[in-house]
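Here is a friendly briefing to read alongside the structure. Keep the sequence at hand while you go through the points.

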Amino acid sequence: MKYLPSAVSLSYSDNFLEVLQQEFNLDTSEISIAKKLMDNDLPPVVKPEILAYLFGVSHRFIISMSNNNEKHYRVYKIKKAKGGTRQIAAPRRFLKLIQRWIDHYILAKNISPTSVHGFVHGKNIFSNAKPHLPNKNLM
């Protein structure tokens with residue numbers, strides 16, 4: 001499985017915003033932001049509680065993953081080819097599924113400005129440097 005499908009379908013029903021408003025006591029600005037997110041094909045995560053709702057887990061569990069992240073990673077060492085060891089911190093299964101879901105449903109939508117190259121799929125240090133190559137002075 002490449003990503004975790006949310007517990008709530010992301011093909012929203014007409015009353016989805018009403019449900020969110022009732023369940024999470026959203027104010028008018030949060031409803032407006034949620035609507036804009038949904039209009040841009042993004043999950044309406046305007047509060048951490050909504051992320052927990054989408055995954056069908058408790059809000060406490062989401063808070064635990066962010067505050068006590070050492071509990072949600074497996075840490076081990078591997079030998080390097082030229083000697084020494086490298087420490088690996090691998091996310092546990094559920095955290096990894098959540099990370100992949102966020103990558104798939106939010107980060108891969110590439111909502112950042114075109115000038116941004118860091119952590120953007122298909123962009124790298126070379127695509128960042130390319131527009132600057134014709135300049136006389138380059139550091």
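Helices (H or I, at least four residues) and strands (E, at least two) are DSSP runs, numbered from the N terminus. With that in hand, α3 is followed by G56, whose phi is positive, near 70°.

This is a predicted model, where local features need pLDDT of at least 70 and side-chain atom pairs count only at pLDDT 80 or more, while totals for chains, interfaces and linings use all residues. Residues are numbered from 1 along each chain as its sequence is written, and side-chain values use heavy atoms, with hydrogens and water left out.

**Overall layout**

- The protein has six helices and two strands.
- Reading from the N terminus, the order of elements is α-α-α-α-β-β-α-α.
- Of the 139 residues, 23% count as buried; buried means under 20% relative accessible area, exposed over 50%, and partly exposed in between (1.4 Å probe, protein chains only).
- The protein exposes about 10500 Å², and carbon and sulfur atoms supply 54% of that area; accessible areas come from the Shrake-Rupley method with a 1.4 Å probe, and for residues only the protein chains shown count as cover.
- Among contacts between residues at least 6 apart in sequence, 43% join residues at least 24 apart; a contact means heavy atoms within 4.5 Å.

**The largest nonpolar core**

- A nonpolar core is a set of buried Ala, Val, Leu, Ile, Met, Phe, Trp, Tyr and Cys residues joined through side-chain atoms within 4.5 Å.
- The largest one here has 19 residues, and those with the most contacts inside it are L20, L26, I50, I62 and W101.
- Two or more residues each are given to this core by α1 (16-24), α2 (28-39), α3 (48-55), α4 (59-67) and α5 (93-105).
- Helix α3 supplies the largest share, five residues.
- Leaving aside residues up to four places away in sequence, I62 touches L51, A52, V57 and I98.

**Helix α3 and its neighbours**

- Which residues of α3 are buried? They are I50, L51, A52, L54 and F55.
- These buried residues of α3 pack against α1, α4 and α5.
- The axes of α1 and α3 come within 11 Å and cross at roughly 115°; axes are lines fitted to C-alpha atoms, for helices over the stretch in contact, and angles run from 0 to 180 degrees between N-to-C directions.
- The crossing of α1 and α3 is right-handed; a crossing is left-handed if the near helix is turned anticlockwise from the far one by less than a right angle, and right-handed if clockwise.
- On the α1 side, F16, V19, L20 and F24 meet E49, I50, Y53 and L54 in α3.
- The residues of this contact divide into seven nonpolar, no polar and one charged; Ala, Val, Leu, Ile, Met, Phe, Trp, Tyr, Cys and Pro count as nonpolar, Asp, Glu, Lys and Arg as charged, and the others, Gly among them, as polar.

**Loop residues to look at**

- N25 is found in the loop between α1 and α2, and has a positive phi of about 50° although it is not a glycine.
- With a relative accessible area of 64%, N25 is exposed.
- The loop between α2 and α3 holds D41, which has a positive phi of about 60° although it is not a glycine.
- N40 also lies in the loop between α2 and α3, and counts as exposed at 52% relative accessibility.
- N40 and K109 are 69 residues apart in sequence, with 9.1 Å between them in space, C-alpha to C-alpha.

**Selected helix residues**

- K35 lies in helix α2 and is partly exposed, with a relative accessible area of 43%.
- K35 and L17 are 18 residues apart in sequence and 7.4 Å apart in space, C-alpha to C-alpha.
- S64, found in helix α4, is buried, with a relative accessible area of 19%.
- Not counting residues up to four places away in sequence, S64 touches N69 and H72.
- A129 lies in helix α6 (residues 125-129) and is partly exposed, with a relative accessible area of 35%.
- A129 and H117 are twelve residues apart along the chain, and their C-alpha atoms are separated by 9.7 Å.
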